[in-house]
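Here's a quick briefing to read with the model open beside you. Have a look at the fold first, then work through the points below.

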Amino acid sequence: MSLMNAAGGSLTEAVEQAIVEALGDGATAEVHGTGGHFTIRAVSTAFAGKGLLAKQRLVLRAVAPFMAGDNAPVHAIDSLLTLTPDEA
């Protein structure tokens with residue numbers, strides 16, 4: 001997986017795309033941040049019936065490539081909100 005999207009978009013767009021692809025149909029993600037620190041709000045039916053940690057792991061697994069290595073563009077997720085569509 002490329003860390004930047006094919007259209008050459010921003011880092012936040014690339015992270016959003018990775019999360020949506022990982023969560024599947026109908027998922028949405030909003031990513032905001034600068035300086036390596038980001039906030040994420042993800043909405044997906046994939047979260048249904050899962051506990052908080054399980055939902056966060058789904059998102060963090062998608063973000064992990066952006067956090068790997070010494071020159072990783074994402075250093076920290078300051079806030080991570082995971083919701084089902086009914087909760088959003």
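A quick word on terms: two strands pair if DSSP finds at least two bridges between them. Helices (H or I, at least four residues) and strands (E, at least two) are DSSP runs, numbered from the N terminus. With that in hand, E1 and E2 run antiparallel and are joined by seven bridges.

This is a predicted model, so local features need pLDDT of at least 70 and side-chain atom pairs count only at pLDDT 80 or more, while totals for chains, interfaces and linings use all residues. Residues are numbered from 1 along each chain as its sequence is written, and side-chain values use heavy atoms, with hydrogens and water left out.

**Overall build**

- The protein chain has two helices and three strands, and along the sequence they come in the pattern α-β-β-α-β.
- The radius of gyration (taken over C-alpha atoms) is 12 Å, close to the 12 Å that the globule rule gives for 88 residues, so the chain is as compact as a globular protein of that length; that rule is 2.2 Å times the number of residues to the power 0.38.
- The C-alpha trace spans about 35 × 25 × 20 Å along its principal axes.
- The accessible surface comes to about 5,000 Å², and 52% of it belongs to carbon and sulfur atoms; areas come from the Shrake-Rupley method with a 1.4 Å probe, and for residues only the protein chains shown count as cover.
- Of the 88 residues, 35% count as buried, where buried means under 20% relative accessible area, exposed means over 50%, and partly exposed is in between (1.4 Å probe, protein chains only).
- Contact here means heavy atoms within 4.5 Å. Among contacts between residues at least 6 apart in sequence, 51% join residues at least 24 apart.

**The sheet**

- Strands of a sheet pair through backbone hydrogen bonds, either parallel or antiparallel.
- Here the three strands form an open sheet in the order E1-E2-E3, with mixed pairing.
- E1 (28-34) and E3 (76-83) stand at the edges with a single partner strand each, so one side of each has no neighbour in the sheet.
- Neighbouring strands are turned by 10° against each other on average, direction ignored.
- E2 (residues 37-43) pairs with E3 in the parallel sense over seven bridges. In E3, Ala 76 is the bridge partner of His 37, and Leu 83 is the bridge partner of Val 43.

**Helices on the sheet**

- Axes are lines fitted to C-alpha atoms, for helices over the stretch in contact, and angles run from 0 to 180 degrees between N-to-C directions.
- H1 (residues 11-23) lies across E1 and E2, running at about 150° to E1.
- H2 (residues 52-63) packs on the sheet and touches E2 and E3, with its direction at about 125° to that of E3.

**The core**

- A nonpolar core is a set of buried Ala, Val, Leu, Ile, Met, Phe, Trp, Tyr and Cys residues joined through side-chain atoms within 4.5 Å.
- Which residues have the most contacts inside the largest nonpolar core? They are Val 15, Ile 19 and Val 59, in a core of 19 residues.
- H1, E1, E2 and H2 are the elements that give two or more residues to this core, and H1 gives the most, with six.
- Leaving out residues up to four places away in sequence, Val 59 touches Ile 19, Leu 23, Ile 40, Ala 42, Phe 47, Leu 80 and Thr 82.

**After E3**

- Thr 84 lies in the segment after E3 and counts as buried at 14% relative accessibility.
- Beyond residues up to four places away in sequence, Thr 84 touches Val 43, Ser 44, Phe 47 and Ala 48.
- Ala 88 also lies in the segment after E3, but Ala 88 is exposed, with a relative accessible area of 55%.
- With residues up to four places away in sequence not counted, Ala 88 touches Arg 41, Val 43 and Leu 83.
- The C-alpha atoms of Ala 88 and Phe 38 are separated by 20 Å, and the two residues are 50 apart along the chain.
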